[in-house]
Amino acid sequence: QATSRPYLRRRRPDFGGPCARPAATCLRKGPVTRSNKPTITSYRQTFTMTLLVLTQKGRLTAATIRNAVTSSVLPIIRTGHHHGKLRPFSHTTASHTDFTHAVVGGGVVGLAIAQQLARRSSSPSTLLLERHSAVGTETSSRNSEVIHAGIYYGAGTLKTELCIRGKNLLYELCEKHAVPHKRVGKWIVAQTHAQREALQRIHDFCVNEINVPVRWVSREEAQRREPAVRAEAGILESPTTGIVDSHSLMVCLQGRFEEAGGTVALASAVTAIRPVGGASANGKEGWELTVRDTTTGESSTITTSTIINSAGLGAVDIHNMIVPPSQHKQMFYAKGNYFSYPSSSPKVSTLIYPAPEPGAGGLGTHLTLDLAGRIKFGPDVEWVDSPDDLAVNSARLPEAIEAVKEYLPDLDDSQLQPDYAGIRPKLGKAGAVAQGKGFVDFVIRKEEGYEGWVNLLNIESPGLTGSLAIAEKVEGLLYGRVG
């Protein structure tokens, strides 16, 4: 029997996203059922029933098995209503595969990519594989929910390019589909002469190279707007920085994807990937994926013309399934602890960030707001050995208090409470999030020597902001253009 639950409910930090509705109604409240949400097990059950009928009729052969897969199971898997031949991928001959696209990873970036590909005018078949029982339960729902301006990441980097483009696309989408968001602006505050020089470099970079609006805030204006904030050496404001309800954003993206005929397969963990036709084919004939249903332990295989690795914390595992051992990579995990602040004093209505430290794994313990105006502080940077280490480390609270009191001296530290933690996927130990020593950029590319594989690694901040622009880039890599 199908279960129902509230369609849109505010849950932080875990994203318990239900089956999405069309984009036009993706933010309405009301019950939905999971009865139409296919998993690998449901595909297998349909296939088994088909074979049972064929066996009873005495017509079970290798050919009828192949026909059963094509005619009975796959239309259900693809969209629930799509029939007919698969549309071939534009740059490959793998037109005989079950799907045109398989996107691995149902976080905000994977959802953005999936809906971008599914909404192409040619309407190819697109499958989104998510190993958890809901989309967006990892990094996408355990972050600051900030729409970044793109000012930190240096000239000529993918982080800068995609953050700026993604910011504009994200604001447009939020306004069009009523996704809750707000342009609250951000202050970057300096306490020392060295930090002021760092702000000056950011200012000059924004004005002279990337054309992102920034402005200096005078002492008088600062005292009038945010009297509780201390900035001994200066304040640089980023007026295009904002906040977004990441839960609602992912519901909207999933709705757009399914409205376009895409299929989400939840509880579906990819355990093996092989080129169709053997290793020498290198993906020219498509890809075969072994997928395990995490609720039953059963495994099935599907084939796809293209594979997009957008698995976030699991992206290196997916990468290592494809490449030889000599090309394996290692993932490093930067945990960020967040602390909530329920007190109404001091009152702050702007995001407050400390001046960035070169080579740091994050942007400092900053003050962020949710859409109800509640204050939280974080994330710090704690290197951990497992992506499952999500318990807030209360031992780091004194360090967080010290960092926050640099710019908010009247903080009542007795009111700070452990809230949640998130993990940022890093390709380098102590990898810096912003420009400087140790900086590691996004990796978004078609891997050399392979066909039909787009690889996304090191997609940390500003991944949420850049998600829609990342989706455009992936489409461009596959098809040579966007549209």
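In which helix is C174 found? The views below, taken from a predicted model, begin with that residue.

View 1. C174 is found in helix α4, which spans residues 158-177. With a relative accessibility of 1%, C174 counts as buried, because buried means under 20% relative accessible area. Once residues up to four places away in sequence are set aside, C174 touches V179, H181 and V244.

**View 2. C174 and S248.** C174 and S248 are 74 residues apart along the chain. Their C-alpha atoms are separated by 9.4 Å.

View 3. H203 lies in helix α5, residues 193-210. The relative accessible area of H203 is 17%, so this residue is also below the 20% limit and is classed as buried. Apart from neighbours within four places in sequence, H203 is in contact with V214, W216 and L236.

**View 4. The second largest pocket and the residues nearest its centre.** The second largest pocket holds about 470 Å³ of space. Its lining is made up of 21 residues. Of these, P354, E357, G364, T365 and A403 lie nearest the centre of the pocket.

**View 5. Composition of the lining of the second largest pocket.** Eleven residues of this lining are nonpolar, five are polar and five are charged. Helix α9, residues 397-405, supplies the largest share of the lining, with three residues.

Technical notes. Residues are numbered from 1 along each chain as its sequence is written. This is a predicted model: local features need pLDDT of at least 70, side-chain atom pairs count only at pLDDT 80 or more; totals for chains, interfaces and linings use all residues. Side-chain values use heavy atoms; hydrogens and water are left out. Helices (H or I, at least four residues) and strands (E, at least two) are DSSP runs, numbered from the N terminus. Buried means under 20% relative accessible area, exposed over 50%, partly exposed in between (1.4 Å probe, protein chains only). Contact means heavy atoms within 4.5 Å. On a 1 Å grid over the protein atoms alone, a cavity is a set of points where a 1.4 Å probe fits but cannot get out, and a pocket is an open set with protein on both sides within 12 Å along at least five of seven lines; lining residues have an atom within 4 Å of a point. Grid points are joined across faces, edges and corners, and a volume is the space filled by probe spheres set on the points. Ala, Val, Leu, Ile, Met, Phe, Trp, Tyr, Cys and Pro count as nonpolar, Asp, Glu, Lys and Arg as charged, and the others, Gly among them, as polar.
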